[in-house]
Protein chains: 2
Amino acid sequence: MHKLYLMTRSEENYIKTIFHLGRQGTQDVATNAIAELMETKPSSVTDMIKKLSEKDLVNYKRYQGVSLTSLGNKTALSIIRKHRLWEVFLVEKLDFSWDEVHEVAEQLEHIKSDKLIDSLDRLLAFPKFDPHGDPIPDKNGGFKERDRDLLSEVPIRTVGVCVGVKDSSATFLKFLDKNGIALGNQIKVMEREEFDGSLNIEIDGRNMQISHVIASNLYIKTNDGI
Amino acid sequence: MHKLYLMTRSEENYIKTIFHLGRQGTQDVATNAIAELMETKPSSVTDMIKKLSEKDLVNYKRYQGVSLTSLGNKTALSIIRKHRLWEVFLVEKLDFSWDEVHEVAEQLEHIKSDKLIDSLDRLLAFPKFDPHGDPIPDKNGGFKERDRDLLSEVPIRTVGVCVGVKDSSATFLKFLDKNGIALGNQIKVMEREEFDGSLNIEIDGRNMQISHVIASNLYIKTNDGI
DNA sequence: ACAAATTTTTAGATTTGCCTAAATTTTAAT
DNA sequence: ATTAAAATTTAGGCAAATCTAAAAATTTGT
């Protein structure tokens, strides 16, 4: 019915970027924003947007930005599913660390084979989250965003488990490794310094001080959800 | 030292084809042969050969065919290593059948990451042969062709184990499945019909008749090697 | 509201990998 | 040894994805 299959690698990368920038493709995204994230020129973006628009993957009106159509959204979710499943594979089966997976997954996500990705899903026992705590869409694009909060935004004395990172750059992840912060750690917010927003936390027993920047890139899951 | 890494997918496919056609790149390969195997036009082949020649991957003299340089050979072996390791992965870990692996491995072989392929090798416990019985080059391109013979060429009463196929097309492999012929089967050649070269064989107990075409695409390993 | 700044698009090139058609070289046949 | 056939290369073009520079539309500041 739809030839989701004959998309080029470049088209797929644009779709993915529009999805990420537009909060899952619902919002209008600016040409410049796409160009910046993809390290390309705005004029190249315009060209590609026209092409994607032809193919009914994006809604486009000149000068008004783009958003994903329902087909575009489905496509994005399928690429993200592949990306995140491969990340799990790399960490679980090939002993990659969480800061090494992104680059390789960027390549693997473009491999075309339904059977491959479904079998991979099975091999990994149908994981629901990737190594950075981001949810993995199921076969039909089903997506359950986990209920979680930024560490920088919860009240003092909140207790929770570290379940994700907002910034998943290698730099940040290596910093976390160096400081013994990992998904699964038990965290309690002891004190917040109003002056600079830094936090004093207790993490798996230890006590440590983290800056606001760090805290605003760590997600925790508390028990006070419904 | 050498930028084996910035090869395009197309360049890699040409190198692989030249390797296969020229018995591991040693012999001169005709432009037309490459074009036919790659389902492209001879003129396109000439273009690409010039480009590869520039990069010192092939030896080329106009009208005289091409062969791989030592760098080209090394490149080919690295691609073949990846292709075959991925095939093993698909069969061993993802339950693909041996006739389903080729197409996907053709995509996976172009993924660039040394760490990925070395880890995969480890996950698979350093396999020496792929699902069709072809040898997998090691990290350094080391290659040990297994001592084996075409079933069509061994004398009557020869006993051996089926260790490989010459034709690994899905059609042939499915035919073998249908007739219960698989790698690892014990085979004894009972009789050869001189008229059409067909064979009467005993395979894992059963008795069966196979045509010359079939026999000339099955490798067995006998015990009479040195 | 209107000029200035910013954003976006258009126009025209470039590179890669492919094509067709025509020319050239090699090989095969008599 | 020629000539016919086959193989190979050259010449000229095309589509995808990018770029630069210039033009057009939108947004912003006062």
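Predicted model: local features only at pLDDT ≥ 70, side-chain atom pairs only at ≥ 80, totals over all residues.
Visitor: In what do the side chains of B:Arg148 and B:Asp134 meet?

Guide: In a salt bridge, meaning a side-chain nitrogen of Lys or Arg within 4 Å of a carboxyl oxygen of Asp or Glu. For B:Arg148 and B:Asp134, the N to O distance is 3.8 Å. Both residues sit in the loop between H6 and E3 of chain B, so the bridge ties together parts that are 14 residues apart in sequence. Helices (H or I, at least four residues) and strands (E, at least two) are DSSP runs, numbered from the N terminus.

Visitor: Is B:Asp134 buried or exposed?

Guide: Buried means under 20% relative accessible area, exposed means over 50%, and partly exposed is in between (1.4 Å probe, protein chains only). The areas themselves come from the Shrake-Rupley method with a 1.4 Å probe, and for residues only the protein chains shown count as cover. B:Asp134 has 16%, so it is buried.

Visitor: How far is B:Asp134 from B:Lys74?

Guide: In sequence, they are 60 residues apart; in space, the C-alpha atoms of B:Asp134 and B:Lys74 are 17 Å apart.

Visitor: How many salt bridges does the structure hold over all chains?

Guide: There are 26. One of them joins A:Lys16 to A:Glu106, with the closest N and O atoms 2.9 Å apart. This pair links distant parts of the chain, 90 residues apart: A:Lys16 is in helix H1 (residues 9–21) of chain A and A:Glu106 in helix H5 (residues 101–108) of chain A. A:Lys16 is buried at 9% relative accessible area, while A:Glu106 is partly exposed at 26%.

Visitor: Which residue does B:Glu11 bridge to?

Guide: B:Lys51, and the closest N and O atoms of the two are 3.1 Å apart. B:Glu11 lies in helix H1 (residues 9–21) of chain B and B:Lys51 in helix H3 (residues 42–54) of chain B, so the bridge ties together parts that are 40 residues apart in sequence. B:Glu11 has 0% relative accessibility and counts as buried, but B:Lys51 is partly exposed at 36%.

Visitor: Which residues are linked in a network of salt bridges?

Guide: A:Arg81, A:Asp118, A:Asp121 and A:Lys139 are linked that way.

Visitor: Where do charges gather in a patch on the surface?

Guide: The idea first: patches are made of residues with over 30% relative accessible area and no salt bridge, joining like charges within 9 Å, or nonpolar side chains (Val, Leu, Ile, Met, Phe, Trp, Tyr) within 5 Å. Lys and Arg count as positive and Asp and Glu as negative, while His and the chain ends are not counted. The place of a charge is NZ of Lys, CZ of Arg, CG of Asp or CD of Glu. Here, the negative patch is made up of A:Glu191, A:Glu193, A:Glu194 and A:Asp196. A:Glu191 belongs to strand E5 (residues 186–192) of chain A, and with a relative accessible area of 49% A:Glu191 is partly exposed.

Visitor: By what turn can chain A be laid on chain B?

Guide: Two copies of a chain are related by a rotation about an axis and a shift along it. Copies are superposed by least squares on the C-alpha atoms of residues with pLDDT of at least 70 in both. Chain A goes onto chain B by a turn of 180° and a shift of 0.0 Å along the axis, with an RMSD of 0.0 Å. The two copies are therefore related as by a two-fold rotation axis. In chain A, the C-alpha nearest the axis belongs to A:Leu108, 3.8 Å from it.

Terms used: Residues numbered from 1 in each chain as written. Chains lettered and ligands numbered in written order. Heavy atoms only, no water.
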